[in-house]
Amino acid sequence: MNVIPRHVCDLGRFDADPAKSYTIPANYYTDPAIYARETQAIFFKAWNYAAHVSQLVAAGDYVTVRIADQNIVVLRGQDGVLRAFYNVCSHRAHELLQGCGHTGIITCPYHAWTYHTDGRLRSAVGQKRVEGFAAEEFALKQVRLEEYAGFVFVNLDTDAAPLHTQAGNLADDIKGYCPDVPALKFAHRLTYEIKANWKNVVDNFLECYHCSVAHPAFVDLVDIKNYRTKTHGLYSSHISPPGRADNTAYHIPEGPASNFAAWWLWPNVTFNVFPGPANITVLHIQPTGPETTLEHFDFFFVDSTPSEAERQAIDYVDKVLQPEDIGLVESVQRGLHSHGYTQGRLMVDKDLSHNSEHGLHHFHALVLKSLGDF
């Protein structure tokens with residue numbers, strides 16, 4: 001029996017030309033072996049979103065983030081330096097910190113080994129009675145970190161190019177619609193567990209072909225006929241002028257309403273500016289398995305306490321927009337197992353209109369190239 005090398009896959013009618021292309025095949029959304037390859041080739045090599053800079057201001061502030069099965073902590077040291085470490089004790093591998101918060105000393109809950117906020121081992125119970133114990137051997141293992149566009153990213157690949165060289169003009173694009181991202185403050189987090197492959201969730205974000213059908217309030221909020229998607233290297237932009245003042249999504253306070261502006265950055269994070277006062281939201285799409293995804297939807301406003309209008313916007317996302325999208329992607333995920341489906345035609349029109357799915361093709365090509373399949 002001939003064995004096909006794992007990097008050789010049947011892409012069906014996927015084409016380099018988005019106007020001629022079909023989607024990637026259904027098994028890319030369901031196959032555990034492909035998911036395992038993605039973990040190594042994509043998530044362990046890409047710049048992964050960790051936090052907004054406002055969440056890591058004071059010495060001792062920390063956040064944790066999972067990259068597949070790897071647990072990372074990002075921490076502001078007592079010396080003011082921001083660092084990232086594998087979030088695991090050097091003694092017996094117990095996880096150290098949970099969630100986000102503030103700490104002066106990192107203490108392992110298992111055997112009470114302690115670490116300085118710069119990662120050095122501070123103390124190990126009984127270390128003076130252990131022959132040849134060298135504290136310097138047991139510092140926390142550091143992970144690459146970069147601040148970019150008001151956010152913090154980490155990368156497990158020591159050889160990866162810096163994000164600021166990979167991301168092109170993304171920082172300037174975001175600044176054009178939200179001039180002072182670093183000054184905003186964390187205000188609220190929504191969390192969702194989704195029964196869908198992470199790429200399925202990204203696909204849904206990258207096209208507005210479904211918006212007029214599935215998101216009537218969003219269509220009110222934006223000028224859907226002038227909604228445009230543009231692709232740029234490792235990111236894509238999704239921009240629209242504001243829609244009706246009396247939209248059915250949420251109340252926009254009087255004054256100039258900003259455009260709706262959103263950006264997807266490879267591989268799994270989006271930044272979104274909604275019409276209204278200064279704001280940015282972050283949708284972090286984190287794979288937890290071949291067919292499961294964890295989403296965090298974080299809101300950043302001028303003040304950490306949302307105004308009534310901002311609370312309405314949060315409620316719209318939580319009670320309307322997200323349930324609509326989650327219902328769609330979970331239905332698609334079930335459908336991807338159908339014997340009646342292999343891959344579908346991407347609807348890419350010559351005008352790259354609001355209905356065009358060229359953003360999906362851009363994403364699919366990046367996935368396939370990262371895997372070595374295209």
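**Reading a predicted model, feature by feature**

Author: At 77% relative accessibility, lysine 350 counts as exposed. Exposed means over 50% relative accessible area, buried under 20%, and partly exposed in between, with a 1.4 Å probe and protein chains only. The model is predicted, so local features need pLDDT of at least 70 and side-chain atom pairs count only at pLDDT 80 or more, while totals for chains, interfaces and linings use all residues. Residues are numbered from 1 along each chain as its sequence is written, and side-chain values use heavy atoms, leaving out hydrogens and water.

Reader: Which residue meets lysine 350 in a salt bridge?

Author: Side chains of opposite charge can pair when their charged atoms come close. A salt bridge here is a side-chain nitrogen of Lys or Arg within 4 Å of a carboxyl oxygen of Asp or Glu. Lysine 350 meets aspartate 351 in this way, at 3.7 Å from N to O. Aspartate 351 counts as exposed, at 57% relative accessibility.

Reader: How many salt bridges does the structure hold?

Author: There are eight. One of them joins the side chains of arginine 37 and aspartate 373, at 2.7 Å from N to O. Arginine 37 belongs to helix H1 and aspartate 373 to the segment after H8, so this pair ties together parts that are 336 residues apart in sequence. Arginine 37 is buried, with a relative accessible area of 11%, and aspartate 373 is buried at 9%. Another salt bridge links arginine 66 and glutamate 95, at 2.5 Å from N to O. Because arginine 66 lies in strand S2 (residues 61-67) and glutamate 95 in the loop between strand S4 (82-86) and strand S5 (100-102), the pair ties together parts that are 29 residues apart in sequence. Arginine 66 is partly exposed at 42%, and glutamate 95 is partly exposed at 28%.

Reader: How should one read helix H8 (residues 358-371)?

Author: Helices (H or I, at least four residues) and strands (E, at least two) are DSSP runs, numbered from the N terminus. The expected span of a helix is 1.5 Å times one less than its number of residues. The 14 residues of H8 should span 20 Å, which agrees with end C-alpha atoms 20 Å apart. Twelve of the 14 are buried, so H8 is largely enclosed by the rest of the structure. Its cover, judged by contact (heavy atoms within 4.5 Å), includes helix H1 (32-43), helix H4 (198-206) and strand S12 (228-232). Just after H8, glycine 372 takes a positive phi of about 75°.

Reader: In what order do the strands of the open three-stranded sheet stand?

Author: Two strands pair if DSSP finds at least two bridges between them. The order is S6-S7-S8, with antiparallel pairing. Strand S6 (106-107) and strand S8 (121-123) are the edge strands, each pairing on one side only. S6 and strand S7 (residues 114-115) pair over two bridges, and threonine 107 stands opposite threonine 114 in S7.

Reader: How many cavities of 30 Å³ or more does the structure hold?

Author: Rolling a probe the size of a water molecule over the atoms shows where empty space is left. A cavity is a set of points, on a 1 Å grid over the protein atoms alone, where a 1.4 Å probe fits but cannot get out; lining residues have an atom within 4 Å of a point. Grid points are joined across faces, edges and corners, and a volume is the space filled by probe spheres set on the points. The structure holds three such cavities of 30 Å³ or more. Of its 22 lining residues, the closest to its centre are Asn204, Phe205, His215, Leu321 and Asp325. Helix H7 (308-335) is among the elements that give two or more residues to this lining, and H7 gives the most, with five.

Methods
On a 1 Å grid over the protein atoms alone, a cavity is a set of points where a 1.4 Å probe fits but cannot get out, and a pocket is an open set with protein on both sides within 12 Å along at least five of seven lines; lining residues have an atom within 4 Å of a point.
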